[in-house]
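User: Got a model here that I'd like to walk through. Can you take me over the main features?

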Amino acid sequence: MIELNGIYKLKHIKGFNSNTDYDYKVIAINKEKNMVCCEQLDGFNTGERFVFMIECLLDPEKPDDKYFGEIIRKD
């Protein structure tokens, strides 16, 4: 379960080469519990804040659920 003040990584996007393993701290959750505001704890944008859908975060209770979507290319 994703919780306030928890530290999580983002799920990876299948087919996207620039996936990162940065840590994000949840600093706010909306009342519907489907969006979170996070502060990046490491990497290039340390301290910057982002808003994500809650399903984009890697839930420690579901470690095998590590992908969110995929890149679809049309050639």
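**Glu 39 and its surroundings**

User: Which residues is Glu 39 in contact with, leaving aside its neighbours within four places in sequence?

Analyst: Glu 39 is in contact with Asp 23, Tyr 24, Lys 25, Ile 27, Gly 47, Glu 48 and Arg 49, once neighbours within four places in sequence are left aside. Contact means heavy atoms within 4.5 Å.

User: What should I know about the source?

Analyst: This is a predicted model, where local features need pLDDT of at least 70, side-chain atom pairs count only at pLDDT 80 or more, and totals for chains, interfaces and linings use all residues. Residues are numbered from 1 along each chain as its sequence is written, and side-chain values use heavy atoms, with hydrogens and water left out.

User: Where does Glu 39 lie?

Analyst: In strand β4, residues 35–40. Strands here are DSSP runs (E, at least two residues), numbered from the N terminus.

User: Why does Glu 39 count as partly exposed?

Analyst: Because its relative accessible area is 24%. Buried means under 20%, exposed over 50%, and partly exposed is in between (1.4 Å probe, protein chains only).

User: And how are the C-alpha atoms of Glu 39 and Gly 69 separated?

Analyst: By 22 Å, with the two residues 30 apart along the chain.

User: Switching to the sheet. What is the strand order?

Analyst: β1-β3-β4-β5, an open sheet of 4 strands with antiparallel pairing. The edge strands are β1 (7–9) and β5, each pairing on one side only. Two strands pair if DSSP finds at least two bridges between them.

User: How many bridges join β3 to β4?

Analyst: 5, with β3 covering residues 23–29 and the two strands running antiparallel. Within that pair, Val 26 stands opposite Cys 38 in β4.

User: Which residues have positive phi without being glycine?

Analyst: Asn 5 is one of them, with phi near 70°. Lys 33 also has a positive value, near 60°.

User: Where are they found?

Analyst: Asn 5 is in the segment before β1. Lys 33 is in the loop between β3 and β4.

User: Buried, partly exposed or exposed?

Analyst: Asn 5 is partly exposed, because its relative accessible area is 49%. Lys 33 counts as exposed, because its relative accessibility is 60%.

User: Last topic. Which residues form the nonpolar patch on the surface?

Analyst: Met 35, Val 51 and Met 53, with about 250 Å² of accessible area together. Areas come from the Shrake-Rupley method with a 1.4 Å probe, and for residues only the protein chains shown count as cover. Patch residues have over 30% relative accessible area and no salt bridge; like charges are joined within 9 Å, nonpolar side chains (Val, Leu, Ile, Met, Phe, Trp, Tyr) within 5 Å. A salt bridge is a side-chain nitrogen of Lys or Arg within 4 Å of a carboxyl oxygen of Asp or Glu.
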